[in-house]
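Subject: Structure handover

Hello,

Please find the structure below.

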Amino acid sequence: MGEPLIQVKDISKRFGKHLVLNNLTFTIDERDIYGIIGLSGSGKTTILNLVIGFLKPTKGTVTYKNKNILKIQKEIQNKFGFVTQSGSYYTDLTVLENLHYFGRMYGLNNDDIAKRSKDLLTFLDLTDATHVLSQDLSTGMQRRLDIACALIHNPEVLILDEPTEDLDPLLRKEILTLLKNINDNGTTIILTSHMLNEIESVCTNTAILHNGNIVMSGSPNKIKGLYSTNIEIHLKTYPGKYELIENRLGKANVEKTINLGHKLVIYTSKPEELLRRILDILPGLRERLVDVDVDKPSLEEVFESLTGKKK
Amino acid sequence: MNPNNINPKNFFLRLVNIIIKDIKLLIRSKSSALIVILGPLALIFLVGMAFNTTSLYNIKIAAYSESYSELTNSLIENLKDQQYSITQLSSEQECIEGIKLGEYHVCAIFPKDMSVELNNEMIFYVDESRVNLAAIVSNTIFSKVASKSEELSLGLTGELLTTINVVSEEADKNTQQLTTLKDEISNINNNVKDVRENFVGLDLEYNSTNFNFTKIDDEIDEIETDLNVSEGVFSGLRGLIEGTQEQADLLGAKLTSVETQRDSFVSTLDSSRNSLLDFFGKVNTIQSSVDRTKNAIAGIRVTDPEKIVNPITSTVKPVTTNKTHLGFLFPTLVVLVIMFISLLFSASIVIREKRSKAYFRNFITPTNDFTFMLGQFITNLLLVIVELGILFLVALYFFKEELLNVFPTLAVALLVITTVFILIGMFIGHLFNSGETASLGSIAAAFIMLFFSNTILPLETLPGYVTQIVKYNPFVISENIIKRVILFNASFDVIMQPLLFLLGGALIFFVLAFIAREITRRKILF
């Protein structure tokens, strides 16, 4: 492993009397998809703004390739792309006009803008919407346009602030797939989210942010392994009277149950014993076993145990 | 691809792109585009229609008098001729209430049975809260009344002068008669004097001793003795002599009486002479008085009633050829349009950009803040130029020659003025975070500049220290520049100093806008 691409070292940020970030330290490697998880208002956006140098830290440094980002702002602006939570493009300009405008603001010439726009429109599946006003695009297309605007200058690092916020599950999946594809093309990605499952699904590394501190960082699997002793049992039965099953199981060896309607998720430290009990009680409840899956716990549970708050 | 390559061409291309983007955004907002084109067109059209006149119209006057005389009616008719609407009311209170309620502009109270011989004090009530109108209406109405008053004065003065002429002529005649009278008195005096002298010269002395009747008697005695005649011989003679003696005594007595009477006459004559002299003196005094009156009348240098009523005539001559309200108003109107459009447009464009989703992305591109600000400034400038173009195209209909003659100077002045107001607007835009507050801020700024200018009230009505501050008001300076250029054909030399001052102001506001942009950039994150 070589030098990290980005190093955040002992960084603190204070707005007036309010300490938003307290002595954070983490590193991001090249080609990482680095996820920052935290509750709303935990300082996720502030970290991103510190990383691009839009905000100056109260204490500490952020380095890019071992260079203080505040001293290489022009380089950072040219090497980093940023996707904001609410999108950052002109709604009264067409898709192509937005790309052309921001391409010019990044100092690209006409040929580069034309070539890069064409590639991005194809890559992000926006070709049919080239001349459509941004405000007339669907939510998913708008999010893709925002990513296109952030990628117009072909940055090495793409930063996304809650990229799947307010999207339906399908669009969320689409965006996450897109991010993986972008990462596959060699772009390092830093994203924030409070949706733990999506971080878990795409991120190679994660930091859990709570009360201005990073309470845990590392790969999702590593974190899950370190911070959870429970096992998840995903149970699907027919006709699916999960409330009756929950009642019959009682509290013995059951840490927690989540009735998702179409399945029941049971957390337990003794999965074998509980599985036997489940198989015993199902016939009495006239429930037929459709599917059962045993897995390690999700990042959500880890987050809950680390922060004491349920997402 | 070399994004780091920052060169003038790149800078220019970025600038052009920012301007094109801003104009596209503006055009795509239908209401904004409509305002840009129709706003100034409607403004100049309406103002042109409204102010292209020299008179006041539709001024409502309320009149009241306890008793309307011929003179009162004549005054009212005089005002009616001037296209004022006059309503005669039944009480003074009603008249004053009408002003308070805004039903009338002026309440004129005429004295009872107004006539030239009696008290003619007219009272006007005006609503001073309508500052501008009150002054104009007062001046206009007063001038109409003054005109009638002058007409009456002329008549009265004419009568007076005619009377003085008659007096003068009579005095001339009287002077001659007085001279004659004096001569006659002098003659009489001389005559009296002569008579007196003659009287005094009369010898009325009677001496009875001169008639020595005793000696005659003695001689008769001697003769009788000599003749030895008896005493009776000459008794007849003696009787005659005695009779003569008696007559002589009688004559002596009469002469004495005459002398007494003569002395009395002389005394009377002396008294008469004194009276004559006294009379002469009085006639002399009268003559002197008449002479002084004549001299006084002759000393009246001005005998033309017109000149007596108006010994000093004043004529206010315009230094411009413009005669309509619009002509005088046009420079103010131009600056007003520039100020409002520049402030509102630039503030709203800045706010629109700040509130735009793309604002943040602009900040994180390698294009510097100066380029963005310059781009915004040029966009605003182009918009105002379009607006002014429309405004001046319409204005050419009213003042073709005036504008074409001064076009180069005017263009430069307008450019500088527009620059200042755009930068003030940009500063306000960067200072506030919402469209509403920015609009409010720019309108407030515009109104403050408007209120502390000559447009609402003359600056001279403000306290000295306020005037000292207000003279730096960009609106005041701009208005003066445009007035000088359009109305007085001022050259560059004349307007150079205020133009440089405005440029200094523009620089300050650019710096302030830049600082405000930097200060408020953090707020876009939250």
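Axes here are lines fitted to C-alpha atoms, for helices over the stretch in contact, and angles run from 0 to 180 degrees between N-to-C directions. Helices (H or I, at least four residues) and strands (E, at least two) are DSSP runs, numbered from the N terminus. This is a predicted model, in which local features need pLDDT of at least 70 and side-chain atom pairs count only at pLDDT 80 or more, while totals for chains, interfaces and linings use all residues. Residues are numbered from 1 along each chain as its sequence is written, and chains are lettered from A and ligands numbered from 1 in the order in which they are written.

Helix pairs in chain B

Helix H6 (residues 213–227) and helix H7 (residues 235–299) of chain B pack at about 175°, and their axes are 11 Å apart. H6(B) and H7(B) are therefore roughly antiparallel; angles under 35 degrees count as roughly parallel, over 145 as roughly antiparallel, 65 to 115 as roughly perpendicular and the rest as oblique. Two residues are in contact if their C-beta atoms, placed from the backbone, lie within 7 Å. H6(B) makes this contact through B:Phe213, B:Ile216, B:Asp217 and B:Ile220, and H7(B) through B:Leu237, B:Arg238, B:Ile241 and B:Gln245. These residues of H6(B) and H7(B) divide into 5 nonpolar, 1 polar and 2 charged. For that count, Ala, Val, Leu, Ile, Met, Phe, Trp, Tyr, Cys and Pro are nonpolar, Asp, Glu, Lys and Arg are charged, and the others, Gly among them, are polar.

Helix H13 (residues 407–431) and helix H16 (residues 474–488) of chain B pack at an angle of about 170°, with axes 10 Å apart. H13(B) and H16(B) are therefore roughly antiparallel as well. On the H13(B) side the contact uses B:Thr409, B:Leu410, B:Ala413, B:Ile417, B:Val420 and B:Phe421; on the H16(B) side it uses B:Pro474, B:Ser478, B:Ile481, B:Ile482, B:Val485 and B:Ile486. In the contact of H13(B) with H16(B), 10 residues are nonpolar, 2 are polar and none is charged.

Helix H4 of chain B

Which residues of H4(B) are buried? In this helix (residues 92–100), they are B:Cys95, B:Gly98 and B:Ile99. A residue is buried if 20 or more other C-beta atoms lie within 10 Å of its own, exposed if 12 or fewer, and partly exposed in between, with C-beta atoms placed from the backbone. The three cover an arc of only 100° around the axis, which puts them on the same side of H4(B); the arc is that of the directions from the helix axis to the C-beta atoms. B:Gln93 and B:Lys100 are exposed on the other side of H4(B). The cover over the buried residues of H4(B) includes strands S1 (60–65), S3 (106–110) and S4 (123–126) of chain B. After H4(B) comes B:Gly102, with a positive phi near 80°.

The sheet in chain A

Chain A has an open sheet of 4 strands in the order S12-S13-S11-S14, with antiparallel pairing. Two strands pair if DSSP finds at least two bridges between them. S12 (256–259) and S14 (288–295) of chain A are the edge strands, each pairing on one side only. From one strand to the next, the twist averages 20°. Strand S11 (residues 231–238) of chain A pairs with S14(A) in the antiparallel sense over 7 bridges, and A:Leu235 has A:Val292 in S14(A) as its bridge partner.

Two helices of chain A pack on the sheet. Helix H9 (residues 242–249) touches S12 and S13 (264–268) of chain A, and its direction makes about 170° with that of S12(A). Helix H10 (residues 271–284) touches S11, S13 and S14 of chain A, and its direction makes about 15° with that of S11(A).

Backbone points in chain A

Most residues other than glycine have a negative phi, and most peptide bonds are trans. A:Tyr238 and A:Pro239 are joined by a cis peptide bond, with omega about 5°. A:Pro239 is in the loop between S11 and H9 of chain A. A:Lys65, not a glycine, has a positive phi of about 50°, and lies in the loop between strands S4 (59–64) and S5 (67–68) of chain A. A:Lys65 counts as partly exposed because it has 15 C-beta neighbours inside 10 Å.

Regards
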